[in-house]
Amino acid sequence: MNNILKQYNLQYFYKDLQELRITLFDRQVEQFITYYEMLVEKNQVMNLTAITDFDEVLKKHFVDSLSLVKAYDFNQTETEISLIDIGTGAGFPGLPLKIAFPNLSVTLMDSLNKRVDFLNEVIYALQLNGIEAIHGRAEDYAKPDKLREKYDLCVSRAVANLSTLSEYCLPYVKVGGKFISYKSEKSAEEIGGAENAIDLLGGKIHEQITFMLPDSDIYRNLVVIEKINETPQKYPRKSGMASKKPL
């Protein structure tokens with residue numbers, strides 16, 4: 001075992017991964033640790049996360065991000081799966097998913113350039129291929145000549161109403177693909193209120209997967225939305241409209 005792995009107690013991380021049925025090579029675990037160290041270092045000069053304790057970052061950021069395996073089988077096909085993470089922030093969930101599943105083709109999108117610079121530093125340090133971090137708003141890159149309907153999967157852990165998130169995210173998903181939103185509450189009222197917006201945007205709620213993160217009291221609700229029709233060209237609306245006036 002390499003020195004970087006010896007510096008940390010990884011017992012609980014391995015246990016959580018086992019519960020999620022994820023197996024990592026030492027090299028991938030090293031990448032997670034380097035990511036953690038860079039996150040904490042950069043967090044001293046810019047606000048990336050309120051969580052900096054090693055075990056908490058592993059549980060609440062890394063394992064939480066990887067819990068997407070409960071809703072999506074990343075081993076389902078031999079062809080490359082394309083994923084976009086909207087409002088990625090410090091890289092969650094897209095970057096942990098890329099580390100764990102190297103064959104994923106990943107786009108990380110965030111509206112703050114300093115965060116994108118940090119993500120590019122991490123991508124370079126971890127020597128990851130098939131991943132890009134782009135600076136911009138979701139409304140801008142959803143145009144037909146850019147990234148519209150290019151992805152098999154769109155994910156977001158961003159804190160926003162599901163109607164708003166759906167307008168940001170569904171335009172990026174291919175027909176037949178999925179948008180999966182990470183929610184931390186049961187959100188029955190919010191989800192019910194988003195059904196009309198999801199329908200307008202070409203989607204349909206497929207299922208909700210509820211669970212607790214391993215060995216914790218942290219509740220998760222993965223809302224899985226299938227893309228069944230193309231999103232009408234008028235969506236997403238111009239910048240800010242999706243949050244000010246949800247569909």
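A residue counts as buried under 20% relative accessible area, as exposed over 50% and as partly exposed in between (1.4 Å probe, protein chains only). By that rule, 52% of the 247 residues of the protein are buried. This is a predicted model, in which local features need pLDDT of at least 70 and side-chain atom pairs count only at pLDDT 80 or more, while totals for chains, interfaces and linings use all residues. Residues are numbered from 1 along each chain as its sequence is written, and side-chain values use heavy atoms, leaving out hydrogens and water.

**Overall fold**
- The protein has 10 helices and 7 strands, taken as DSSP runs (helices H or I, at least four residues; strands E, at least two) numbered from the N terminus.
- The C-alpha trace spans about 55 × 35 × 35 Å along its principal axes.
- Of the contacts (heavy atoms within 4.5 Å) with a separation of 6 or more, 69% join residues 24 or more positions apart.

**Aromatic pairs**
- Rings of Phe, Tyr and Trp (its six-membered ring) pair if their centres lie within 6.5 Å; planes under 30 degrees apart count as stacked, over 60 as edge-to-face and the rest as tilted.
- The count comes to 10 aromatic pairs.
- Y8 and F54 are stacked, because their ring centres are 4.3 Å apart and their planes at 25°.
- Y8 lies in the loop between helix 1 (3-6) and helix 2 (11-19), and F54 in helix 4 (residues 54-66), 46 residues apart.
- Y8 is partly exposed at 22% relative accessibility, whereas F54 is buried at 11%.
- F32 and F62 form a tilted pair, 5.0 Å centre to centre with 45° between the planes.
- F32 in helix 3 (residues 26-43) and F62 in helix 4 are 30 residues apart, and both are buried.
- One aromatic cluster is formed by F13, F32, Y35, F62 and F92.
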